[in-house]
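Reader: I have a chain open here and a few things to ask about it. Can we start with the rings?

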Amino acid sequence: MRQHEEHLRPSPTAAVSQTFRIRSRSVVVKVAQDSSESSGSIVTYVKSFFSTAEDIFALAGIGFATVAALWASVNLIEIIDKLPVLPLIFELIGIAVAWLLSTFQLFIYNNLLFKSKRQEFLGNIKSTISQILGQ
């Protein structure tokens, strides 16, 4: 009789997997319902945006202006690059910016990244302020 009762009782892992299957199905159904509702509202929004011909022409004008501005900026940069003095100045500016960024990264690593170093840095600042103010 005892062996027969053990076969009737489900194992704990079977109960967990069955509960998981039920929960996962409900989550999938909820996600599918949410995505269909949100995609319907996006389609409705886009259709309402292009309801008149003026909106389409405005969008085409903005697209053309963007392409023209990109073309003009590329040509301007090419013209500046052909001047004999400015590329050297731009190179020096690039070197200076790279040096400043590496110095800033080193400062962050040495003083701000770890909590102990941060507390030590704040202590140094407070002691310097107190020395300047004469306290």
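Reader: How many aromatic pairs does a search of the whole structure find?
Author: Two aromatic pairs turn up in the whole structure. Bear in mind that this is a predicted model.

Reader: Which helices do F107 and F121 lie in?
Author: F107 is in helix α4 and F121 is in helix α5, which covers residues 115-133. The two are 14 residues apart in sequence, so the pair ties those parts together.

Reader: What is the relative accessible area of F107?
Author: F107 has 33%, and it is partly exposed. The cut-offs matter here: buried means under 20% and exposed means over 50%, so a value in between counts as partly exposed.

Reader: And the other pair, what is its geometry?
Author: Y109 and F114 are also edge-to-face, at 6.1 Å centre to centre with 75° between the planes. Y109 is partly exposed at 46% relative accessibility. F114 is partly exposed as well, at 41%.

Reader: Changing topic. Which residues make the nonpolar surface patch?
Author: V85, I89, F90, I93, V97 and L101 make a patch of about 540 Å².

Reader: Where is V85 placed?
Author: V85 sits in the loop between α3, residues 53-82, and α4, residues 86-112.

Reader: Is V85 buried or exposed?
Author: V85 counts as exposed, because its relative accessibility is 54% and the cut-off for exposed is over 50%.

Reader: What share of the residues in the protein is buried?
Author: Buried residues come to 1% of the 135 in the protein. The accessible surface is about 12,300 Å², and carbon and sulfur atoms account for 69% of that.

Reader: How many helices and strands are there?
Author: There are five helices and zero strands. Read from the N terminus, the order is α-α-α-α-α.

Reader: Which residues does the UniProt annotation "transmembrane region" cover?
Author: The UniProt entry, which is unreviewed, puts that annotation on residues 56-74 and 86-109.

Reader: What does the model have over residues 56-74?
Author: Residues 56-74 are 100% helix and 0% strand, with the end C-alpha atoms 27 Å apart.

Reader: And how far apart are the end C-alpha atoms of residues 86-109?
Author: For residues 86-109 the distance is 34 Å, and that span is likewise 100% helix and 0% strand.

Key:
Residues numbered from 1 in each chain as written. Predicted model: local features only at pLDDT ≥ 70, side-chain atom pairs only at ≥ 80, totals over all residues. Heavy atoms only, no water. UniProt positions renumbered as here; feature names shortened; annotations may be inferred. Helix = DSSP H or I, 4+ residues; strand = E, 2+ residues; numbered from the N terminus. Buried < 20%, exposed > 50% of the residue type's maximum accessible area, 1.4 Å probe, protein only. Areas by Shrake-Rupley, 256 points an atom, 1.4 Å probe, with all protein chains shown as cover. Patch = residues over 30% accessible without salt bridge, like charges linked within 9 Å, V, L, I, M, F, W, Y side chains within 5 Å. Salt bridge = Lys/Arg side-chain N within 4 Å of Asp/Glu carboxyl O. Phe/Tyr/Trp six-rings, centres within 6.5 Å; stacked < 30°, edge-to-face > 60°.
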